[in-house]
Amino acid sequence: MPDPIEPPVTLITGTSRGLGHDLARHYLGRGHRVVGCSRQPAPWSADGYRHFEVDVAEEGQVREMFSAIRKEFGRLDHLVNNAGIAAMNHALTTPNSTVDRVLRTNVGGTFACCREGAKLMRKRRFGRIVNLTTVAVPLRLEGESIYAASKAAVETLTAILAREFAPFGITVNAVGPMPIETDLIRGVPAEKIEALLARHAIPRRGEPSDVANVADFFLSERSALVTGQTLYLGGP
Amino acid sequence: MIGLVLRLAREVAESEQIDLPEDFDSDTRLFGDTGLLDSLGLVSLVLSVEEAIEDLTGVSVALADERAMSQTRSPFRTVRSLSEYATALSEESVAGSH
């Protein structure tokens, strides 16, 4: 169970910018010891924040980061698998090099971090893992076949790892935001975003705080029975 | 290595609240019908051994890879076989890291 005195250790992947950065700030504000990573050095720093230069698609780098976390902190309470890459293109103009790249990061990276994270969490019989997915999965969005397929894989991983990790006191859930103003969708035309939002029950853009709210719920000690779930924002 | 694996197997058995047999030694079966551990206990032991090897040698090894899983005589069947397998693999990794 979480230590009532020592602040929890929360690892968030993809923290150099966008949602990952906002989530890192959010959990720093809540007193967590936050570990983050990105392929480049972090363009920001804060007290209580530890950054690793890691490409989650590279298994060796992921293992080294978790080994360092074990040695520096001796524990991991929370893992938010936020790092991901998008590929928005018609299938007819999508080469397999893009398929490989997206799957290696979004599926392989998420899997490697879940596996290594659970190894650390199991010792204290407590852990919370939150994976990032997308409304592109239930909406079957045209032009996002590979991105959405990679996130459908993340949702299946979430459901199965929830079962495999349950005996260790670890829950695994996923949150799927609607479009949020980040670099990930910067290149998408405004009319396409509006058309996408129109397919939601609540047709407005989300804020990072909307995702943080769901992450708070999944990470809560009180959510011990909440696992294997994928929660979409906005009602797609 | 055998001493290390024996100690870790004891720790896993204790944390899983499994009673150790009086004659517990390096030839005790670790899993299977008459084995000491269930599948999750075995996973915990393998992960603990991996971690201990990393702490001792600074090299990370993956004991439970496809090779181990596909061997007809599983290297995880007894403390002795697991120790021998872990020794061979860590020596390979240390040699490969130079």
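## Leu23 of chain A

Leaving out neighbours up to four places away in sequence, Leu23(A) makes contact with Ile12(A), Val80(A) and Ala212(A). This is a predicted model. Leu23(A) belongs to helix 1 of chain A, which covers residues 18–29.

Leu23(A) has a relative accessibility of 2%, and because buried means under 20%, Leu23(A) counts as buried. Glu144(A) lies 121 residues from Leu23(A) along the chain, and 25 Å separates their C-alpha atoms.

## Nonpolar cores

The largest nonpolar core consists of 31 residues, and Phe66(A) and Ile69(A) have the most contacts inside it. At least two residues of this core come from each of these elements of chain A: strand 1 (9–13), strand 2 (33–38), helix 2 (59–73), helix 3 (96–121), helix 5 (145–165) and strand 6 (170–176). Helix 3 of chain A gives the largest share, seven residues.

With residues up to four places away in sequence not counted, Ile69(A) touches Leu11(A), Val35(A), Phe52(A), Gly74(A), Arg75(A) and Leu120(A). Another core, of 26 residues, lies apart from the largest one; among its residues are Val34(A), Trp44(A), Val80(A) and Ile180(A). In soluble globular proteins, nonpolar side chains tend to be buried together.

## Confidence in chain B

Chain B has a mean pLDDT of 87, with 94% of its residues at 70 or more. Within chain B, confidence is highest in helix 1 (residues 2–15), at a mean of 92, and lowest in helix 3 (residues 66–70), at 72. Where pLDDT is low, the predicted coordinates should not be read in detail.

Conventions. Residues are numbered from 1 along each chain as its sequence is written. Chains are lettered from A and ligands numbered from 1 in the order in which they are written. This is a predicted model: local features need pLDDT of at least 70, side-chain atom pairs count only at pLDDT 80 or more; totals for chains, interfaces and linings use all residues. Side-chain values use heavy atoms; hydrogens and water are left out. A nonpolar core is a set of buried Ala, Val, Leu, Ile, Met, Phe, Trp, Tyr and Cys residues joined through side-chain atoms within 4.5 Å. Buried means under 20% relative accessible area, exposed over 50%, partly exposed in between (1.4 Å probe, protein chains only). Helices (H or I, at least four residues) and strands (E, at least two) are DSSP runs, numbered from the N terminus. Contact means heavy atoms within 4.5 Å. pLDDT is the predictor's confidence in each residue, from 0 to 100.
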